[in-house]
Amino acid sequence: MAHKLAAGNWKMNGTRADLGQIMALAAAHPDPAVDISLCLPATLISEAAQHVADHPITIGAQDCHSAGSGAHTGDIAAQQLLDAGARDVILGHSERRTDHGEDDALIRAKLVAACDAGLRPILCVGESLAERDAGRTLERIGAQIDGALEGSDGPPSALVIAYEPIWAIGTGRTPSLDQIGEVHDFMREQLKARYGDTAAAAVPLLYGGSVKPGNAAEIFGVPNVDGALVGGASLKESDFTPIITALSAS
Ligand code: PEP
């Protein structure tokens, strides 16, 4: 069975003044039954990691470069994130794919770099509304997973995959539970075909896209949903805690 994971994605939000939210989260979950990760702006990683050093919460980043070092102005290598205190890294988020033109080959290279550095990769996949309306959702998800995992004999170390329909991110819209279940079953089967039943079962499959305290429990009741990647509702401890509690009760 995969570990349950509640991961927050702060995106380009937050300054040091907001670190109190992380302290409050650590106080609210001294010994959580689920893994908790907060993927923060790079500016906050080091200080946040020091704050949660004695708590069962990990700090993550939202991207890394595919190279280990070099002339890449403004970018950050996986090893540097690890050095700053990050333990997780989101890769292939739809906002990176759109804003920075990231394709599956680049995401694959970043995934290899993240694993080589010892970071836990949270690989994001998801379809656009046009792709869903055209009946191409599973084809799109399959291609994104294949593209990111190409050439790997076994699952990249500690791999996590997050299904995030682009049209559900930050919109307040969520797919039906059947739609979530269809994609999560498909992803599990795809991993089984690639790596075998045991290895596939150990990969946490997260749902992401407008997860809120009010809809978390029903989403976590869907088979093959092992947790959530949460954007807006991870910014405040008072919103994130009920989501974590719902996951732990699922
Ligand atoms: C995200 O962007 O990863 C996300 C899930 O955002 P939100 O929860 O705000 O829809």
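## Helix 5 and Ala105

Helices here are DSSP runs of H or I with at least four residues, numbered from the N terminus. In this predicted model, helix 5 covers residues 104-117 and includes Ala105. Ala105 has a relative accessibility of 54%; the cut-off for exposed is over 50%, so Ala105 counts as exposed.

Ala105 can also be placed relative to Arg194. The two residues are separated by 89 residues in sequence, and their C-alpha atoms are 18 Å apart in space.

## Strands 1, 2 and 3

Strand 2 (residues 35-39) has four buried residues out of five, so the rest of the structure largely encloses it. Strand 2 has pairing partners in strand 1 and strand 3, described in turn below.

Strand 1 (residues 5-9) pairs with strand 2 in the parallel sense, over five bridges. Within this pairing, Leu5 has Asp35 of strand 2 as its bridge partner. Strand 3 (residues 57-61) also pairs with strand 2 in the parallel sense, over four bridges. Here Ser37 has Thr58 of strand 3 as its bridge partner.

## The two crossovers

Helix 1 (residues 19-28) belongs to a right-handed β-α-β unit together with strand 1 and strand 2. Helix 2 (residues 42-51) belongs to another such unit, also right-handed, with strand 2 and strand 3.

## Packing of helix 1 on helix 2

Two packed helices are described by the angle between their axes and the distance between the axes. For helix 1 and helix 2, the angle is about 30° and the axes are 10 Å apart. Angles under 35 degrees count as roughly parallel, and the two helices are therefore roughly parallel to each other. Their crossing is right-handed.

Which residues meet where helix 1 and helix 2 are in contact? Helix 1 contributes Leu19, Ile22 and Met23, and helix 2 contributes Leu44, Glu47, Ala48 and His51.

## Two residues with positive phi

Ala158 is not a glycine, yet its phi is positive, near 60°. Ala158 sits in the loop between helix 7 (137-149) and strand 6 (160-163). With a relative accessible area of 46%, Ala158 is partly exposed.

Asn224 is likewise not a glycine and has a positive phi, about 70°. The loop that holds Asn224 runs between helix 10 (216-220) and strand 8 (227-230). The relative accessibility of Asn224 is 25%, so this residue counts as partly exposed.

Conventions: Residues are numbered from 1 along each chain as its sequence is written. This is a predicted model: local features need pLDDT of at least 70, side-chain atom pairs count only at pLDDT 80 or more; totals for chains, interfaces and linings use all residues. Side-chain values use heavy atoms; hydrogens and water are left out. Buried means under 20% relative accessible area, exposed over 50%, partly exposed in between (1.4 Å probe, protein chains only). Two strands pair if DSSP finds at least two bridges between them. A crossover is right-handed if, with the strands pointing away from the viewer, the path from the first strand over the helix to the second runs clockwise. Axes are lines fitted to C-alpha atoms, for helices over the stretch in contact, and angles run from 0 to 180 degrees between N-to-C directions. Angles under 35 degrees count as roughly parallel, over 145 as roughly antiparallel, 65 to 115 as roughly perpendicular and the rest as oblique. A crossing is left-handed if the near helix is turned anticlockwise from the far one by less than a right angle, and right-handed if clockwise. Contact means heavy atoms within 4.5 Å.
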